[in-house]
Amino acid sequence: MSTRRRHAWWHRLWATSTGRFGVIVVAVIALTALVSLFWTPFDPKEADVANRWQTPNWPHLLGTDGTGHDILSLVMAGAQTTVFVAIGSGVVATLVGIALGALGALTARWMRETVAVLVDILIAFPVLIIAMMISSVWGGSLWVVIWSVGIGFGVNIARVTRPELRRVQQSDFVVAGRASGLTPAQNLAQHLLPNVAPVFIVQLSWSMAVAVLAEAGLSYLGFGASIVEPSWGILLADLQRYITLHPLSVVWPGLAITLTVLALNLLGDGLREATDPTLRQSSRARAARAHVPEVIA
């Protein structure tokens, strides 16, 4: 992809309200996770019993919990876990999706049909159920969340990219690449994957949103992060027991989870609008029709 095309793609993404919101919020979350590695207003592990259940004020901007931990520091530290799980599950989903998509599109017929059946079987199992089944055997951890979400959404990515790979495989430039002596792996890397990248990137952003939600949900249920690791799900589980007495404290981790998942989903929608030429053509056609005055006979 040339520099000019990359800039055009970025401008189209930034021009959409959904894409702009997603980019800004995701950037803020990533920056918060990076900053929290070196600095938080208070030590997230340090308890100050004398200042327990403080309402939002200075210096505890979001208040404190039942043991005096600063909630803002806990939320900032929890962003590390969120970013780690989102990136880790994205990498696993990428590897699984590309492998299954390539096997289901570029191999012999018996292999393609076998992969198609395998994908249909795996899609029938919800990601959270897979994670809980794995946790019951190996114990709850962030790696269980990463692998279960990565495999679960990698299967979804394979199902979406497989027909796209089959379509692009019949293109003239792919046939010319094979005729020039390119191996199947070289053709996949140089021609096939770049042409299905828009579909792949959109699915990947949605898988990262599911990963964030799955981590929070599994940690809330005790199947995700351990209690010594900062996690929005664990923080939410700890604070919700006192929701009738201190309802405002539960708002902050819940709001962080909601904004992150919403931003990743909207980023996926923005990427779809920015990279899919058919959507751009239909939106231009609708805009043109909106500017044509209606003639009443």
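Residues count as buried under 20% relative accessible area, as exposed over 50% and as partly exposed in between. The legends below apply these terms to a predicted model.

**Figure 1. Ile 134, a partly exposed residue of helix α5.** Ile 134 is located in helix α5, which covers residues 127-138. Its relative accessibility is 27%, so Ile 134 counts as partly exposed. Between the C-alpha atoms of Ile 134 and Phe 223 the distance is 9.4 Å, although 89 residues separate the two in sequence.

**Figure 2. The chain as a whole.** The chain contains eleven helices and zero strands. Of its 297 residues, 40% count as buried. Among contacts in the chain with a separation of 6 or more, 68% are between residues 24 or more positions apart.

**Figure 3. Helix α9 and its surroundings.** Helix α9 spans residues 232-239, and seven of its eight residues are buried, so the helix is largely enclosed by the rest of the structure. The buried residues are Trp 232, Gly 233, Ile 234, Leu 235, Leu 236, Ala 237 and Leu 239. At the start of α9, the backbone nitrogen of Gly 233 has a side-chain oxygen of Ser 231 within 3.2 Å.

**Figure 4. The contact of helices α3 and α9.** Two packed helices are described by the angle between their axes and the distance between the axes. Helix α3 comprises residues 71-106, and its axis comes within 8 Å of that of α9, with a crossing angle of roughly 140°. The two helices are therefore oblique to each other. On the α3 side the contact involves Ile 71, Leu 74, Val 75, Gly 78, Ala 79 and Thr 82, which meet Trp 232, Leu 235 and Leu 239 of α9. Sorted by class, this contact has seven nonpolar residues, two polar residues and no charged residues.

**Figure 5. Trp 232 and the largest nonpolar core.** The largest nonpolar core has 25 residues, of which Val 75, Trp 232, Leu 239 and Ile 257 touch the most other members. Two or more residues each come from α2 (17-36), α3, α8 (184-221), α9 and α10 (247-275). The greatest share is that of α3, with seven residues. Leaving aside residues up to four places away in sequence, Trp 232 touches Ile 29, Val 75, Gly 78, Ala 79, Thr 82, Pro 253, Ala 256, Ile 257 and Thr 260. Another core, of 17 residues, lies apart from the largest one and includes Val 96, Ala 131, Leu 142 and Ile 146.

**Figure 6. Asp 65, a buried residue in a loop.** Asp 65 belongs to the loop between α2 and α3. Its relative accessible area is 9%, so Asp 65 is buried. A polar atom of the Asp 65 side chain lies 2.7 Å from the backbone nitrogen of His 69. When residues up to four places away in sequence are not counted, Asp 65 touches Arg 52, Trp 53, Ile 71, Leu 74 and Leu 239. Asp 48 is 17 residues from Asp 65 along the chain, and their C-alpha atoms are separated by 9.5 Å.

**Figure 7. Thr 161, a buried residue of helix α6.** Thr 161 is placed in helix α6, which runs over residues 142-169. With a relative accessible area of 5%, Thr 161 is buried. A polar atom of its side chain is 2.8 Å from the backbone oxygen of Ile 157. Residues up to four places away in sequence excluded, Thr 161 touches Gly 97, Gly 101 and Phe 200.

Technical notes:
Residues numbered from 1 in each chain as written. Predicted model: local features only at pLDDT ≥ 70, side-chain atom pairs only at ≥ 80, totals over all residues. Heavy atoms only, no water. Buried < 20%, exposed > 50% of the residue type's maximum accessible area, 1.4 Å probe, protein only. Helix = DSSP H or I, 4+ residues; strand = E, 2+ residues; numbered from the N terminus. Polar contact = N/O pair within 3.5 Å; in protein donor to acceptor, adjacent residues only side chain to side chain. Axes fitted to C-alpha atoms, helices over the stretch in contact; angles between N-to-C directions. Parallel < 35°, antiparallel > 145°, perpendicular 65-115°, else oblique. Contact = heavy atoms within 4.5 Å. Nonpolar A, V, L, I, M, F, W, Y, C, P; charged D, E, K, R; others polar. Core = buried A, V, L, I, M, F, W, Y, C linked by side-chain atoms within 4.5 Å.
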